Amino acid sequence: MTWGTLNWFGVSCWLLAAVLPWAVAGLLGPAAPGLFRRVHPATATWSLTLIALGVAAATAIGAGAAAVALLRPLLWEAPLPDGYGLHTPGRVAVVLLVVLPLLAAAAAVVPVAWSAVRDLLAAKNTWGHTRPVDGVLIVDDPDPEAYAVPGRPGLVVMHTGLLAVLAPGEQEVVLAHERSHLRRRHYAHVLLVRVATWLNPLLRPLVPSVIEQVERWADEDAAHAVGDRTVAARAIAKAALARSAVRSGRSPVVRRTPQPVLRATTGDATARATALMAPPLPAGRPLLALVIVLALALPVHSGWGARAVESLYRSACAQLSEQVNPDDGR
Ligand SMILES: [Zn+2]
């Protein structure tokens, strides 16, 4: 095998490992929201989270492989101190291959975690000295709002402005909806998809999609809890209508409240209410199985590409070392 062949193989390996996750993300971004609306929101939420993480991991590993492949000639030609020999670039490459994806993942977590903490602190400011009862905090605020605050065991915040526009049965729907967010750890799905978009920005359309799906999932749980899809649909529609009336200025607002992600009034309320008026969607397990395979295959493929680059260069390194020092290894 000649140097030219080795280089060609090496380049095609890292190029495929680096480019494939971006190609998949480019296709997935526009297609995923519509595709996952055809299955139950629980399946859709898990699918979106897993595929986003799979693509993000593959992106980070592929970028590490590309960086190593591109840096390799520089490492090769760098003047190295005696005693380290030709094996040093190999060691540097392995370290880069592990460290670069880990650094990228850590860098992606920071902005997402920071914005989540900021939202939480802003929400806490509005509570004053109110104390929760049975995990529910009723805040005296005319803004018709309800939201879930993640934690152990988490907290449901409901504003008096929202309670005022809902009948008791509808208030139960909103409470069950927010409790579903906490029980199912919906915030974790949203945060993980947001972290994934920092590693691969082509995944951005998946963020509104996963937010929409966790809302629908909580709607389904709420409808199941109250045992009446029509009441659930009416509660969601009334809550959203009250909020949009306040936002458009037709009702007086005392002050602006924070906008946590998992609000009862998030998303397209008409679509959510319409979905509740129809029978529940199929579970869509074959789609989930396909997504799991794809989510695992992508990082494994990128890892394989990175490993192929590494072993090709190692064998080239050994060949060159043998030519320079033919007595070695005898
Ligand atoms: Zn919600």
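A148 stands opposite V156 in strand β3. Helices (H or I, at least four residues) and strands (E, at least two) are DSSP runs, numbered from the N terminus. The model is predicted: local features need pLDDT of at least 70, side-chain atom pairs count only at pLDDT 80 or more, and totals for chains, interfaces and linings use all residues. Residues are numbered from 1 along each chain as its sequence is written, and side-chain values use heavy atoms, with hydrogens and water left out.

Strands β2 and β3 pair in the antiparallel sense over 4 bridges. Two strands count as paired if DSSP finds at least two bridges between them. The hairpin of β2 and β3 has 5 residues between the strands. Within this hairpin, G154 takes a positive phi near 90 degrees. Strand β3 also pairs with β1, here in the parallel sense and over 4 bridges. I138 has M158 in β3 as its bridge partner.

Buried means under 20% relative accessible area, exposed means over 50%, and partly exposed lies in between (1.4 Å probe, protein chains only). L155, V157 and H159 point one way from β3. V156 and M158 point the other way. All of these residues are buried.

Helix packing comes next. Two packed helices are described by the angle between their axes and the distance between the axes. Helices α5 and α8 pack at an angle of about 85 degrees, with their axes 9 Å apart. Axes are lines fitted to C-alpha atoms, for helices over the stretch in contact, and angles run from 0 to 180 degrees between N-to-C directions. α5 and α8 are therefore roughly perpendicular to each other. Angles under 35 degrees count as roughly parallel, over 145 as roughly antiparallel, 65 to 115 as roughly perpendicular and the rest as oblique.

In contact terms (heavy atoms within 4.5 Å), α5 contributes G169, E170, V173 and H177. Their counterparts in α8 are V231, A232, R234, A235, I236 and K238. By class, the contact of α5 with α8 has 5 nonpolar, 2 polar and 3 charged residues. Ala, Val, Leu, Ile, Met, Phe, Trp, Tyr, Cys and Pro count as nonpolar, Asp, Glu, Lys and Arg as charged, and the others, Gly among them, as polar.

Salt bridges were then examined. Side chains of opposite charge can pair when their charged atoms come close. A search of the whole structure finds 11 salt bridges, each defined as a side-chain nitrogen of Lys or Arg within 4 Å of a carboxyl oxygen of Asp or Glu. R234 forms one with E170, the closest N and O atoms being 2.9 Å apart. R234 lies in α8 and E170 in α5 (residues 168-183), so this pair ties together parts that are 64 residues apart in sequence. R234 counts as partly exposed, at 43% relative accessibility. E170 counts as buried, at 3%.

R243 pairs with E145, and their closest N and O atoms are 3.1 Å apart. This pair links distant parts of the chain, 98 residues apart: R243 is in α8 (residues 229-247), while E145 is in the loop between β1 (136-139) and β2 (146-149). R243 and E145 are both buried. V246 is buried, at 7% relative accessibility. V246 and P142 are 104 residues apart in sequence, yet 9.3 Å apart in space, C-alpha to C-alpha.

R272 forms a salt bridge with E215, the closest N and O atoms being 3.9 Å apart. R272 lies in helix α9 (residues 269-277) and E215 in helix α7 (residues 206-226), so the pair ties together parts that are 57 residues apart in sequence. R272 is buried, at 3% relative accessibility. E215 is buried too, with a relative accessible area of 1%. Salt bridges that share partners also join R37, E212 and R216 into one network.

Finally, backbone angles. Most residues other than glycine have a negative phi. D134 has a positive phi, near 55 degrees. D134 is found in the loop between α3 (88-127) and β1, and is exposed, at 66% relative accessibility. The phi of R185 is also positive, near 55 degrees. R185 sits in the loop between α5 and α6 (186-199). R185 is partly exposed, with a relative accessible area of 45%.
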